[in-house]
Amino acid sequence: MKNNKSICIGLLAHVDAGKTTLSEAILYRTGEIRKLGRVDHGDSYLDNNEMERNRGITVFSKTAAFTAGETDVTVLDTPGHVDFSAEMERVLSVIDYALLIISASEGVQSHTETLWRLLKDRNIPVIVFVNKMDLAVRDKHALIGELEQRFGAGFVDFSSGCSGEQFIDDITLHSPALADIVLADRHPSDADISAAIASREIFPCCFGSALKMEGIDELLECLDRFTVENEEYQGQEFGARIFKVQRDHNDERLTFMRLTGGSLKSRETISGVDANGESWTEKINNIRIYSGMKFAQAEEVTAGQVCAVTGLTHTLPGAVLGTAVAAASEELEPIVMHSVASAVDANGNTPDVTTLLRAFRQLGEEDPKLHIAWDENTQEITLRMMGEMQLEILQQLVLDRYGYRVEFGPARVVYLETISKTIEGAGHFEPLRHYAEVHLILEPAERGSGITLDSIVPEDVLARNWQRLILTHLEEKEHIGTLIGAPITDMKITLAAGRAHDKHTNGGDFREATYRALRQGLMQARADGAAVLLEPFTDFRIEVKSDQIGRIMTDLEQFADIGAINQTGETATLEGCASSAALTAYMPTFTAVTGGQGHVALRQAGYKECKNAEQVISEAGYNPERDINNPADSVFVSHSESDIVNWKDAMKKMHIPPVLKEGGIAETSRSVADTARREAYRKALATDDELKAIFDRTFGSNKQSRHKWATEHHFTRDAADKNYERNAEIKQRHTHANTPATQLEDSAIYLIDGYNLVNCDKELSDLAHTDINAAREALIDRLIHYQGYTGNEVVVVFDAYKRADYNGEEEKRLGIRIVYTATDEPADIRMGLMAANYGKNKRIRIVSSDALVQQNALVNNALRVPSSEFLAELVSVENEIRNLLQ
């Protein structure tokens, strides 16, 4: 008996497009439910929460299953309201296809454009169902034209039998592969068309009315004939992606996941890493397969299945288990903040703060983007929101689950703070029988990069365990700035120096010293005028009648940067970017000017420098000097007593001299060693023909010739084996010759995720699209020079787990170790094992932007280096090499 194929689809739509009605129609037609429910009657199968039925909208994602022909389909219904976009976005990490529902009467809405962008960024195939055709004023051709105008080519009508000359013309127009098949006098098979859909060359469009059960059969036929199973969810080893955490009516914690590989059994013990990078191991109590509110117990689930498990207490949405690779990071972030103004129970009593905060933090486990926090300065619980609708739902949720009637304060914009120049911050903590001193270098970083951490302290100066502790203290909480007390972002914080006492230092001492060092640096930045206030900005696209565009432009020019303006017939469109707060405040005026007929599509544009910073700072009234919870002053011992020294004077009393001097970091034994190492590298380059040839390829002016060489002459592993002894000798000569012992002791091992680094470099990524071998060899050439120049040991791992019947190999080339993983062995697993082995007596830095690889770094006490940051370092080293030889 032939097994059905299995797929997982997500239902996505803008609000009121008829998504829930369509899910009812599908489940009814496939025999999963016996009675059609309706949103307006409050009896739909999936919108079964009381809050959802009262409001007629989907708030929480739901799971259901049905069979279409020979295809078993798991469907994840997602919220359509923009305020619940976080719930929707998390589902995207586990679906194979998106079923995008569009209202024929309303057309493409602003939230539809957001959905399309998210699906495009994640490369998820899309099937479109145009609903409410019974209310449409435009025909299918016009509606497909609108889709192509907004989203580009590829939309094809699949509602008319998927055959005939016109259908063949339409699909071959958008797919070169299908065109080649037709030119070869063959008729494209269902498998051929499925491949074009899976690669996002074609987007099938079905039309109908879910309320009248029209077009449902055609849609089911499309799902059956033109979908394929996702190979990503067919691994042999256990792995799972978590997309939802919630509690059932018995307050039992449920973790919803989809298995990417292997199997999972009830009462099995599994391990993972929590939000703080700490490892955990727990036993699963039971496994549930949900359909709406109903569920069936399962003893075992296998790769590709969606389930909910009980017994896990450390899981969070977006996390991964086992061998699963983390999905793309989420883009949509709340930009407004509220505080809990009041809370009372059923008897009118106010709960204690600890109990109330525990309840909110439990909700924060289910939706991490709430960012539940306790503000020490205002003594309030704060949280972030997408909009007013989410706020109302949260109020009801707190009342239903915990019995508290809460009120929230007014919405506030979520501001952030950063710096505009490099600053050194120092903190000293030395009350009686305690000791710790920390020096940090704070550097401004690229917008949107967040906080990155590093250390340049040799382990013979400050033990590795103390360094790890300092970096942990920098990571463990959301540190705030000195302008309005907003969270800091977009800076690189480097541990530059530190000192401990053999007898009197404990972990808490370094926490105090680290916090004070960071705060002292931020205070210095404020004093120097280098503290910067950031606010969220939004890209917008406005569509109005042509006779209204003049007034709209006049209004927007007062606070927005205007971009492209286009006019077609009676319609005009305008694009631009503006402060999110200013744009939100303008929306009532926009509605009034356009009579409610204008359309606005919004997209978060990240954080930029606040345009009215002085006003915001003044209104905030924040005084960092009086913030007792974030002290910048240092504590020194004086005549058996503690002496608190003001942050302005503390640097003069530090036991370690300032690290940051004019023109850069003060010269230390490390910089002396660097000078000797560079001279050794220059001599090796001048005398070694093979190294010189690699230099010419890497640093030559003609990059095309370099790529041509890499394509035609890349090393084979056989050749590498023959030259192994010679390579080892060359490595010994050009890497370690004349290098002081201090440098050798201080060198680090850089464990590099090869293909991740290739994909982060535009030049290498472009080359990889035409010749992956050439891109790999070009990267290896660059890393050879990086190791030779810096003295850091380089181990680069290339993922080969998708290659059939491959056992994996290693080679050494001019000193660097190159590892090719075996089939069924992802690079992140191999790198985790290598880090664990190295980490016992080496300083490890893991280079990757892959979330699971970075989690492995935390587990093995290695420093995490994003690929983008390492590339910047690599380019800097290459520039130094050019300057050295000139």
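These legends accompany close-up views of a single chain in a predicted model.

The model is predicted, so local features are described at pLDDT of at least 70 and side-chain atom pairs at pLDDT 80 or more, whereas totals for chains, interfaces and linings use all residues. Residues are numbered from 1 along each chain as its sequence is written, and side-chain values use heavy atoms, with hydrogens and water left out.

**View 1. Overview of the chain, with its helices and strands.** The secondary structure comes to 29 helices and 41 strands, where helices (H or I, at least four residues) and strands (E, at least two) are DSSP runs numbered from the N terminus. Of the 886 residues, 52% count as buried, a term that stands for under 20% relative accessible area, with exposed meaning over 50% and partly exposed lying in between (1.4 Å probe, protein chains only). Among contacts between residues at least 6 apart in sequence, 71% join residues at least 24 apart, a contact being heavy atoms within 4.5 Å.

View 2. The strands follow the order β14-β13-β16-β9-β8-β17 with antiparallel pairing, and two strands are taken to pair if DSSP finds at least two bridges between them. Because β14 (294-298) and β17 (320-322) stand at the edges, each with a single partner strand, one side of each is left without a neighbour in the sheet. From one strand to the next the twist averages 40°; angles run from 0 to 180 degrees between N-to-C directions, and axes are lines fitted to C-alpha atoms, for helices over the stretch in contact. Helix α10 (residues 353-366) packs on the sheet by touching β8 (239-247) and β9 (253-261), and its direction makes about 145° with that of β8.

**View 3. Antiparallel pairing of β13 with β14, and of β11 with β12.** Strand β13 (residues 287-291) is joined to β14 over five bridges, and Arg 288 has Gln 297 in β14 as its bridge partner. Five bridges likewise join the antiparallel strands β11 (residues 269-273) and β12, with Ser 271 standing opposite Thr 281 in β12. Strand β12 (residues 279-283) has a covered face formed by Trp 280 and Glu 282, while Ser 279, Thr 281 and Lys 283 make up the uncovered one.

**View 4. The largest nonpolar core and the surroundings of Ile 9.** This core has 42 residues, and Ile 9, Leu 22 and Phe 66 are among those with the most contacts inside it; a nonpolar core is a set of buried Ala, Val, Leu, Ile, Met, Phe, Trp, Tyr and Cys residues joined through side-chain atoms within 4.5 Å. Its largest share, five residues, comes from helix α9 (residues 216-225). When residues up to four places away in sequence are not counted, Ile 9 touches several residues, including Val 73, Ile 95, Leu 99 and Leu 223.

**View 5. Packing of helices α25 and α26 around Leu 779.** Helix α25 (residues 762-770) and α26 pack at an angle of about 150°, with their axes 6 Å apart. Residues Leu 764, Leu 767, Ala 768 and Thr 770 in α25 meet a set in α26 that includes Ala 775, Leu 779 and Arg 782. Leu 779 lies in helix α26 (residues 772-790) and counts as buried because its relative accessibility is 0%. Beyond its neighbours within four places in sequence, Leu 779 is in contact with Gly 754, Leu 757, Val 758, Leu 764 and Phe 798. The C-alpha atoms of Leu 779 and Val 758 are separated by 7.2 Å, although the two residues are 21 apart along the chain.
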